Amino acid sequence: MRADARLPPEFFARDVRALARDLLGRVLRTVTPEGTAAGVIVETEAYRRDESCCHTFRGRTARNASMFGPPGTAYVYFIYGMHHCVNLVGEAEGSGCAVLLRALVPTEGLDLMRHRRGPKVTDARLCAGPGSLCRALAIDRTWDGLDVTASDRVAVLAGEALPESEVITSPRVGVVGRPEDVALPWRFRQRGVPHLR
C-alpha cells in the first residue's frame with residue numbers, strides 16, 4: 001500500500017490492542033478552511049469495553065455514543081473543561097472499543113500548527129499529548145462521529161508501519177479504574193522520538 005493511501009475500514013476492524021500498536025507510523029491528516037495539517041502517529045493507548053478505564057465500561061451514553069460506531073469512526077470528547085481528545089474506533093460495530101491518539105510527529109502544516117498552539121511551543125511539543133495534538137490539528141467535538149475512512153475532513157494514511165524493535169509498551173497514563181486495569185500494558189510508543197509528553 002502506498003504511504004499516502006487512506007487506510008480502509010478493515011484496518012480498524014480488529015482487536016484494539018493490535019490496532020493501537022499498528023497505528024504507530026501511520027499519518028493523521030485534517031483539512032480545515034485554514035489549511036491542511038498532518039503528523040505521524042507515535043503514541044497510542046488501547047481501550048476495551050470490558051475494562052474499567054474505558055469510557056464505555058458502564059454502557060452507552062450521549063457522550064460516548066460514537067465509540068459504539070463502525071470501525072474507523074472518530075470518537076472525540078472534551079476533558080478537564082479545556083482539552084479535546086480523539087480516539088479511533090476499532091473491532092466490530094457496537095463493541096465500544098477504541099484507540100486514543102496521544103502524540104504525533106508533525107509533518108505537514110507546521111506553520112498552521114504553530115499558529116494554533118502559540119509562539120512559545122516548540123515544534124517537538126506541537127502534538128505531544130492528546131489535547132495538544134487536537135489543538136494543533138483543530139479537532140473538536142464537531143469531529144465526533146466522523147468516518148476517518150471516508151471523510152473529507154480527516155483521514156488516516158498508511159505511512160510506514162514500525163518494526164517491533166521501535167515499539168515500547170507500558171501501562172496507560174492518567175487513567176482511573178481497577179488496579180489490574182490501570183496496570184494493563186496497552187500504551188504503545190515509538191522508541192527514541194522527542195515528540196512525546
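Across the whole of this predicted model, a search finds 18 salt bridges. As a general point, side chains of opposite charge can pair when their charged atoms come close.

I begin with Glu43, which forms a salt bridge with Arg187, the closest N and O atoms being 2.7 Å apart. This pair joins distant parts of the chain: Glu43 sits in strand β2 (residues 35-47) and Arg187 in strand β8 (residues 187-190), 144 residues apart. Are these two partners buried or exposed? Both Glu43 and Arg187 are buried.

Strand β2 takes part in another such link. The side chains of Glu45 and Arg102 meet in a salt bridge, at 3.8 Å from N to O. Because Glu45 lies in strand β2 and Arg102 in strand β5 (residues 97-108), the pair ties together parts that are 57 residues apart in sequence. Glu45 has a relative accessibility of 0% and so counts as buried. Arg102 is buried as well, with a relative accessible area of 5%.

Arg48 and Asp50 also form a salt bridge, with their closest N and O atoms 3.1 Å apart. Arg48 has a relative accessibility of 17%; the limit for buried is under 20%, so Arg48 counts as buried. Finally among the charged residues, Arg14, Arg21, Asp22 and Glu164 are linked in a network of salt bridges.

Let me turn to the nonpolar residues. In soluble globular proteins, nonpolar side chains tend to be buried together. The largest nonpolar core here has 38 residues, and Phe12, Leu23, Leu28 and Leu137 touch the most other members. Elements that each supply at least two residues of this core include α1 (9-12), α2 (16-22), β2, β3 (74-79) and β4 (83-90). The largest share, 4 residues, comes from β5.

What does Leu28 contact, leaving aside its neighbours within four places in sequence? Among its partners are Ala37, Ile41, Leu101, Leu104, Leu133, Leu137, Ile139 and Val154. There is also a second, separate core of 11 residues, which includes Met67, Tyr75, Cys85 and Ala98.

The structure holds 1 cavity of 30 Å³ or more, and the largest cavity has a volume of about 40 Å³. Which residues line the largest cavity? They are Leu28, Ala74, Val86, Leu88, Ile139, Trp143, Val148 and Val154. By class, this lining divides into 8 nonpolar residues, no polar and no charged.

Thank you for your attention.

Note on methods
Residues are numbered from 1 along each chain as its sequence is written. This is a predicted model: local features need pLDDT of at least 70, side-chain atom pairs count only at pLDDT 80 or more; totals for chains, interfaces and linings use all residues. Side-chain values use heavy atoms; hydrogens and water are left out. On a 1 Å grid over the protein atoms alone, a cavity is a set of points where a 1.4 Å probe fits but cannot get out, and a pocket is an open set with protein on both sides within 12 Å along at least five of seven lines; lining residues have an atom within 4 Å of a point. Grid points are joined across faces, edges and corners, and a volume is the space filled by probe spheres set on the points. Ala, Val, Leu, Ile, Met, Phe, Trp, Tyr, Cys and Pro count as nonpolar, Asp, Glu, Lys and Arg as charged, and the others, Gly among them, as polar. A salt bridge is a side-chain nitrogen of Lys or Arg within 4 Å of a carboxyl oxygen of Asp or Glu. Buried means under 20% relative accessible area, exposed over 50%, partly exposed in between (1.4 Å probe, protein chains only). A nonpolar core is a set of buried Ala, Val, Leu, Ile, Met, Phe, Trp, Tyr and Cys residues joined through side-chain atoms within 4.5 Å. Contact means heavy atoms within 4.5 Å.
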